[in-house]
Amino acid sequence: MPSSAVPRTAALSALVAAALAAGLLTGSSASADAEDSAGGAAATGVRIHDIQGATRISPLAGRPVADVPGVVTGVRTYGSSRGFWFQDRSPDADPATSEGVFVFTGSGSTPPVRTGDEVLVSGTVAEFVPGGAASGNQSLTQITRPSVTVVSSGNALPAPVTLSARSVPSAYAPAGDPAAGGSVNALPLKPRAYALDLYESLEGVNVRVGTSRVVGATDAFSALWVTVKPFENRTPRGGALYGSYDSQNSGRLQIQSLIPLAEQPFPQADVGDVLTGGAEGPLDFNQYGGYTLTARTLGALSDRGLEAERTRPQRRGELAVATYNVENLDPSDPQEKFDALGRAVVENLASPDILALEEIQDDSGARNDGTVDAGETVRKFTEAIVAAGGPAYDWRSVSPENNKDGGQPGGNIRQVFLFNPERVSFTDRAGGDATTPTGVVRERGRAALTLSPGRIDPGNTAWESSRKPLAGEFSFRGRPVIVIANHFGSKGGDEALTSHRQPPNRSSEVQRVAQARSVNTFVKEVLKTDRRADVLVVGDINDFEFSATTKELTAGRALYAAVESLPRADRYSYVFQGNSQVLDQILTSPSIDDFSYDSVHINAEFTDQNSDHDPQVLRFRP
């Protein structure tokens, strides 16, 4: 137990409520002045475990403390959150109380210590919420406005706590307290029962992972994800599958480095590579990934040679339809990006007959000058495909109203149909524009669009500040095929898996469910006109195959999520924070009951990406 008489479990809920009321749970350390004035005399005889307490919120939040002892285990000399971690070498007997804590020295102040220094730290205890309180993130307990006395240097560090398949619980998080809005903040930590509780009980502590497989490729911010559970929901290519809301993959952990990149470049890892020798350093909590091992020592990377997949060509009589989010493509992008995307269409996607693109920006890109046309963007893309040995694709789209469809301001992203006129023809029906909805009529016994290309239900509030669906009618060997290209609302605003609310709030889902309902209603109108109609709903749905969004899309058996035809371990098109998951989909109407589906893994698992999404391909015989 702690060495000083600090209020504990009986008063935890009251302490958390008081911290909230006093504004001590904050997204900024600038609250330290107010905390100093409100905290009274500095508490003495306090150890780090007294500061951390047995919940996520310090029982000393807002109070000044004096001469807290410990050994420096890591120093962060860069970024806006500079400081150091120090750890008590005389732990208590409570596994719920962390023995390490972060000392925030300022956004531009070099910490006055070195690893191995024995120090006495005075300052004010604060709870810092990375991303601000509205983010839903858990808070990081820290000491602000510090005064530091170095007692000695060159001391041995506390032995690291090893995170492993044996030590990290399978259960991810406890259910939040309904009386506290679903928050887990005031709940006593149970580190042997829940992974998030274990990580919280080690916040600021020197930890290590052994040799570990990479499940999230190195990103632009020099971070990667590993798993300490090699058999947890493993994909065939080495990732960790996020197959349900209850399969969060508790063995995932983000790795960043405390070593300046000029001294030791950060490993450029793909999914499936192995960090040999693992990593060791303090356990941090940040806005972009939650619990993060900030590595003081970092192992070597073993390249396992992951290769981009290639789908098979369509056979005679098969129509190949694909969807690909090309990530804010505009004419100012380097020609190398266009060339790489063009090669991927030819070499990896086998030149599909119809290719629905998402995130095609207008001809001025993100310059907010009123431009909405995207002819130059598409021209550069289609010419790159030809240069790579592919067909001369024709294209159709509908330009959006300026700045009405979300995405990067000024970019006016939209969906575009590319099609190979040597294999398939487009049925043009004039009149489609940004605000006029296309409809369905019966023509020669078949369902036909009134506008092609046209937009579905563009006046529906579900599509406010979001991309409206693009519908097009094609003809393949004399049979009509209707394709609806989508880019549903993003997940922006959703709380992270590491949120203090459990389960996390998925606020963005409301809009996507409404969008799915709009598309489902339109597909039902098509099927009511012709129950044999071949309809494909494709695109970046921005949601999982098990989500409420997908359930709404498939309601009434109007559509089938074709990704579910794949082996479970291959159902993913995106990797987010070490979780391989579905965002991009192709859904089929009942008449398309015999098809071949492929999620072509060429981007999401790689540090070198042309886009952050993997394209999807479906082949069938109309």
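This is a predicted model: local features need pLDDT of at least 70, side-chain atom pairs count only at pLDDT 80 or more; totals for chains, interfaces and linings use all residues.
Arginine 621 lies in the segment that follows strand 31 (616-620). Arginine 621 counts as exposed, because its relative accessibility is 51% and the cut-off for exposed is over 50%. Arg621 also belongs to a surface patch of positive charge.

The cut-off for buried is under 20%. Two polar partners were found for the side chain of aspartate 88. One is the side chain of arginine 47, joined to aspartate 88 by a polar contact of 2.8 Å. The other is the backbone nitrogen of serine 90, which lies 2.7 Å from a polar atom of the aspartate 88 side chain.

The backbone was examined next. The peptide bond that leads from serine 452 to proline 453 is cis, and its omega is near 5 degrees. Proline 453 belongs to the loop between strand 21 (446-449) and strand 22 (454-455). A cis peptide bond also links glutamine 502 to proline 503, with omega near 0 degrees. Proline 503 is placed in the loop between strand 24 (479-487) and helix 7 (509-529).

Positive phi values were also noted. Arginine 145 is not a glycine, yet its phi is positive, at about 45 degrees. This arginine is part of strand 6 (residues 140-152). Arginine 145 counts as partly exposed because its relative accessibility is 49%. Serine 465 is likewise a residue other than glycine, and its positive phi is near 55 degrees. Serine 465 is in the loop between strand 22 and strand 23 (470-476). With a relative accessible area of 51%, serine 465 is exposed.

Serine 499 is another loop residue, found between strand 24 and helix 7. Serine 499 has 0% relative accessibility and therefore counts as buried. Along the chain, serine 499 and proline 146 are 353 residues apart. Their C-alpha atoms are separated by 28 Å.

The structure holds 29 of them. In one, the side chains of arginine 312 and glutamate 318 meet at 3.0 Å, N to O. Arginine 312 is partly exposed, with 23% relative accessibility. Glutamate 318 is buried, because its relative accessible area is 7%.

A salt bridge also forms between aspartate 369 and arginine 367, whose closest N and O atoms are 3.4 Å apart. Arginine 367 has a relative accessible area of 55%, so this residue is exposed. Aspartate 369 is partly exposed, at 39%.

Arginine 396 and aspartate 428 provide a further pair, with side chains that meet in a salt bridge of 2.8 Å, N to O. Arginine 396 lies in strand 17 (residues 394-397), while aspartate 428 lies in the loop between strand 19 (425-426) and strand 20 (440-443), so the pair ties together parts that are 32 residues apart in sequence. Aspartate 428 is partly exposed, with a relative accessible area of 44%. Salt bridges can also share partners. Lys491, Asp494, Arg512 and Asp543 are joined into one network in this way.

Technical notes
Residues are numbered from 1 along each chain as its sequence is written. Side-chain values use heavy atoms; hydrogens and water are left out. Patches are made of residues with over 30% relative accessible area and no salt bridge: like charges are joined within 9 Å, nonpolar side chains (Val, Leu, Ile, Met, Phe, Trp, Tyr) within 5 Å. Accessible areas come from the Shrake-Rupley method with a 1.4 Å probe; for residues, only the protein chains shown count as cover. A salt bridge is a side-chain nitrogen of Lys or Arg within 4 Å of a carboxyl oxygen of Asp or Glu. Lys and Arg count as positive and Asp and Glu as negative; His and the chain ends are not counted. The place of a charge is taken as NZ of Lys, CZ of Arg, CG of Asp or CD of Glu. Helices (H or I, at least four residues) and strands (E, at least two) are DSSP runs, numbered from the N terminus. Buried means under 20% relative accessible area, exposed over 50%, partly exposed in between (1.4 Å probe, protein chains only). A polar contact is a pair of N or O atoms within 3.5 Å; within protein, one must be able to donate a hydrogen and the other to accept it, and residues adjacent in sequence count only if both atoms are side-chain atoms.
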